[in-house]
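Please read it with the coordinates open.

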Amino acid sequence: MKIQTAIRLIGLAIVILANSLMMIAGELNGSIKDAETGSGLPGATLRVLGTEIGVTADPLGRFELLGLESGTYTLEVRYLGYTSMNVIATLDDAGDSETITIQLQPVPLMLPEVDIQDAVKQNINLLSAVDWQMRAASNGQDMLRFVPGMVIAQHAGGGKAEQMFIRGFDLDHGTDIQISVDGMPVNMVSHAHGQGYADAHFIIPETVQDIQYEMGLGEVRNGNLATAGAVTFNLLPSIDQTLIQAEAGSFNNYRALALINLLSEKMRGNGHTAYAGGSFRYADGPFNPAQGMKAFNGIAKYRAISKSGSVLELTGMAFENDWRAAGLIAPRAVETGLVDRFGRLDSAEGGNTSRYNAALSWTQPLNRGILDAEVSYGHYTFDLVSNFTYYLENPEVGDRIRQTEIRNLGNGKLRWRNQWMWLGRPAPFEIAVGGRTDFVDDLALGFIASSELAASPTMSGIGREYNGWSYVSQSFNPFENLRVEFGTRADFLEFWYRNDNMGGEIRSKSRLIISPKLKADFTINESAAVFLKAGKGFHSNDLRVLIQDEGVDPVAPAYGIDLGGRFKPADGLLFQITGWWLYSSNELVYVGDGGLVEAGDPSTRTGIDLSVRANLVKNLTADIDGNISRARTVGASDGENLVPLSAWFTTGGGLNYKHPKGFGASLRYRAIADRPADETGAFTAEGFFLLDGSVRYDTNRWSVWCRGENLLNREWREAQFLTTSRLATELAPVDEVHFTPGFPISVLAGVSVKL
């Protein structure tokens with residue numbers, strides 16, 4: 001009886017507390033939409049002027065204002081990239097509810113529209129939203145340059161994923177950066193060429209609506225590989241008009257694009273949209289012989305919004321790419337005249353790859369909450385021929401290697417979001433579960449310069465990798481200007497590998513990792529805000545580490561903290577500065593090019609990120625992004641504790657001019673400092689500074705443009721690696737920093753028309 005009485009008292013207390021926290025006099029609800037497309041605007045903010053009451057639109061663009069007395073109110077509505085407006089709303093009786101629809105007009109984004117406090121609540125990262133209006137991308141992988149401080153480098157042919165650098169990380173092809181598009185993972189775990197391999201070439205730039213990024217370890221929604229950070233591409237849900245586009249440029253670079261609106265205006269008015277399209281690109285590059293890259297991209301997307309507010313989206317994507325590559329060049333081969341900078345030391349280098357995706361997403365309003373689900377399937381192939389060491393291992397026939405894989409990838413997520421009230425302020429709650437399964441067949445690496453070598457691959461097998469996860473997150477505002485989010489994530493990983501080189505021996509291992517997260521944001525005033533992010537994350541290691549030692553940990557945890565601020569001292573000036581620290585635990589990394597498993601020491605990284613945006617004069621803006629970092633291995637002695645290829649400084653920025661009558665121009669730079677190629681600094685990977693520019697003219701229907709890269713025509717080295725190699729004419733191996741040559745000055749011109 002005492003237990004029952006206690007339970008009743010606790011229940012009564014909960015009811016009284018809930019009533020005290022959620023007691024309302026009146027309710028005003030509705031939605032905020034794009035006036036041209038009718039789509040909801042998630043993250044739009046609405047404030048009741050003269051009060052402390054405000055709210056952020058949910059992922060469907062809906063809002064609720066609670067706790068209003070009867071009377072007439074002025075509502076201030078804001079959203080980045082749209083005209084701000086004030087709306088008058090009246091509540092006649094205290095207990096009544098009122099429903100309104102607010103439509104905002106899209107406009108070119110200017111910095112005076114950016115609100116420091118609203119930036120906390122935007123679903124799209126503040127700087128990413130600004131950048132997306134001011135810049136343009138020429139291909140899918142180039143869009144990664146939008147991430148502040150990130151530099152990418154072409155590596156062994158333009159048909160494969162680039163090497164990436166950010167925050168003191170040589171990310172290789174994606175080991176420590178999580179990349180996704182519309183919920184579909186871009187990274188490939190346990191890839192034939194390297195862990196976390198992220199080839200974004202299958203994305204058509206013209207179909208990307210916006211880019212979100214999150215640096216550091218404070219975001220509970222980011223899981224495997226998101227140690228340095230995460231990048232998300234969101235595709236356009238619809239297009240207003242059919243688009244036809246053609247481009248041509250230096251080195252036989254040609255591209256054609258068509259995006260077709262499939263439904264009538266009447267169907268669009270009933271909540272249905274659909275478009276399909278594709279692009280074809282051919283490029284030789286400056287290489288001799290020519291690269292001959294042929295890439296095809298396709299997309300089809302359908303969206304339906306019901307009267308109840310539910311949203312259904314179906315997406316299909318296709319990508320095929322074939323190319324020949326010059327590969328990495330030994331500087332001594334150029335100096336002796338064996339080849340020129342754009343020549344080849346092995347004529348067979350190159351590859352082909354394909355990716356086909358199908359995805360379904362569904363979002364359903366539930367009272368004050370939202371239930372959404374995503375499921376996707378991808379089929380992927382990869383076949384790459386390379387030669388990094390020339391004649392080191394096989395002096396008679398050469399060290400040509402081949403890496404292959406065939407992958408089927410399944411991914412899914414189910415999430416519920418709700419918004420409680422706490423101390424009269426919204427307190428969003430979120431819980432989600434999901435999983436990813438990779439079936440990797442024909443996972444092989446071996447020398448192929450002779451039939452005997454090809455018959456005995458260095459590594460051959462099949463892999464299975466599963467990652468099931470869940471997280472819970474709670475946000476609240478203990479004070480009007482303070483927003484705090486706590487979250488905890490659990491990831492269960494299972495690795496399975498059959499080693500066909502060992503008679504089909506099977507090894508497996510599982511791992512559970514718990515990752516707590518914290519984010520806090522405090523608005524000091526309308527010109528300044530500070531934030532804190534802290535948490536634990538991880539990246540998984542290649543499942544083939546199991547063949548070296550069954551006792552190894554296939555997961556490498558990381559711990560980090562970010563502390564920074566956003567400042568807007570004037571309407572035309574905005575900057576963000578972040579100091580950060582990150583610790584990476586001891587890890588084993590599979591080196592795909594050699595079929596080796598290398599042990600890496602623990603490491604620490606500290607640094608400062610800086611982003612500046614400024615309206616210099618009317619129609620002219622400037623932006624600068626920079627990252628300074630220090631990376632060191634833990635436990636190694638001074639002079640031997642450098643992290644190879646860790647860049648201490650990366651930066652990018654430029655000037656952008658956009659006239660209201662359609663003319664625009666930009667002048668942009670990108671740079672990376674010299675970086676150590678080994679632990680001692682005895683070898684150096686050279687940095688570079690490049691200048692790019694473009695001019696453009698737009699009308700309601702037509703657009704024409706011309707872009708130039710490396711306008712200073714610098715001779716520069718792009719991707720670089722310290723490699724021990726032996727040329728055919730040499731008697732002994734040589735240690736040297738090999739490189740892929742950066743493109744000389746090049747020009748690309750294009751025209752598009754909307755029908």
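1. Aromatic pairs. Rings of Phe, Tyr and Trp (its six-membered ring) are paired if their centres lie within 6.5 Å; planes under 30 degrees apart count as stacked, over 60 as edge-to-face and the rest as tilted. By this rule the structure holds 15 aromatic pairs. One of them, Trp-416 with Phe-429, is edge-to-face, at 6.0 Å centre to centre and 70° between the planes. The pair links distant parts of the chain, 13 residues apart: Trp-416 sits in strand S24 (residues 401-422) and Phe-429 in strand S25 (residues 425-447). Ring pairs also join Phe-251, Phe-287, Phe-342 and Phe-743 into a cluster.

2. Basis of the values. This is a predicted model, in which local features need pLDDT of at least 70 and side-chain atom pairs count only at pLDDT 80 or more, while totals for chains, interfaces and linings use all residues. Residues are numbered from 1 along each chain as its sequence is written, and side-chain values use heavy atoms, with hydrogens and water left out.

3. Whole chain. Helices (H or I, at least four residues) and strands (E, at least two) are DSSP runs numbered from the N terminus; the chain has 6 helices and 44 strands. Buried means under 20% relative accessible area, exposed over 50%, and partly exposed in between (1.4 Å probe, protein chains only). Of the 755 residues, 55% count as buried. The accessible surface (Shrake-Rupley, 1.4 Å probe; for residues, only the protein chains shown count as cover) comes to about 31000 Å², and 58% of this belongs to carbon and sulfur atoms. With contact taken as heavy atoms within 4.5 Å, 64% of the contacts between residues at least 6 apart in sequence join residues at least 24 apart.

4. Are the two partners in point 1 buried or partly exposed? Trp-416 is partly exposed because its relative accessible area is 28%, whereas Phe-429, at 18%, is buried.

5. His-738. This residue belongs to strand S43 (residues 734-741) and is buried, with a relative accessible area of 0%. Its side chain makes a polar contact of 3.4 Å with that of Tyr-390. A polar contact is a pair of N or O atoms within 3.5 Å; within protein, one must be able to donate a hydrogen and the other to accept it, and residues adjacent in sequence count only if both atoms are side-chain atoms. Leaving aside neighbours within four places in sequence, the contacts of His-738 include Leu-328, Pro-331, Arg-332, Phe-388 and Phe-721.

6. Val-695. Strand S40 (residues 688-698) contains Val-695, which is partly exposed at 40% relative accessible area. Not counting residues up to four places away in sequence, Val-695 touches Gly-664, Ala-665, Val-704, Trp-705 and Cys-706. Arg-707 is 12 residues from Val-695 in sequence, and their C-alpha atoms are 6.6 Å apart.

7. Nonpolar patch. Leu-616, Val-617, Leu-655, Leu-667, Leu-711 and Ile-745 make a nonpolar surface patch of about 490 Å². Leu-711 lies in the loop between strand S41 (702-709) and strand S42 (717-725) and is partly exposed, with a relative accessible area of 35%. Patches are made of residues with over 30% relative accessible area and no salt bridge; like charges are joined within 9 Å, and nonpolar side chains (Val, Leu, Ile, Met, Phe, Trp, Tyr) within 5 Å. A salt bridge is a side-chain nitrogen of Lys or Arg within 4 Å of a carboxyl oxygen of Asp or Glu.
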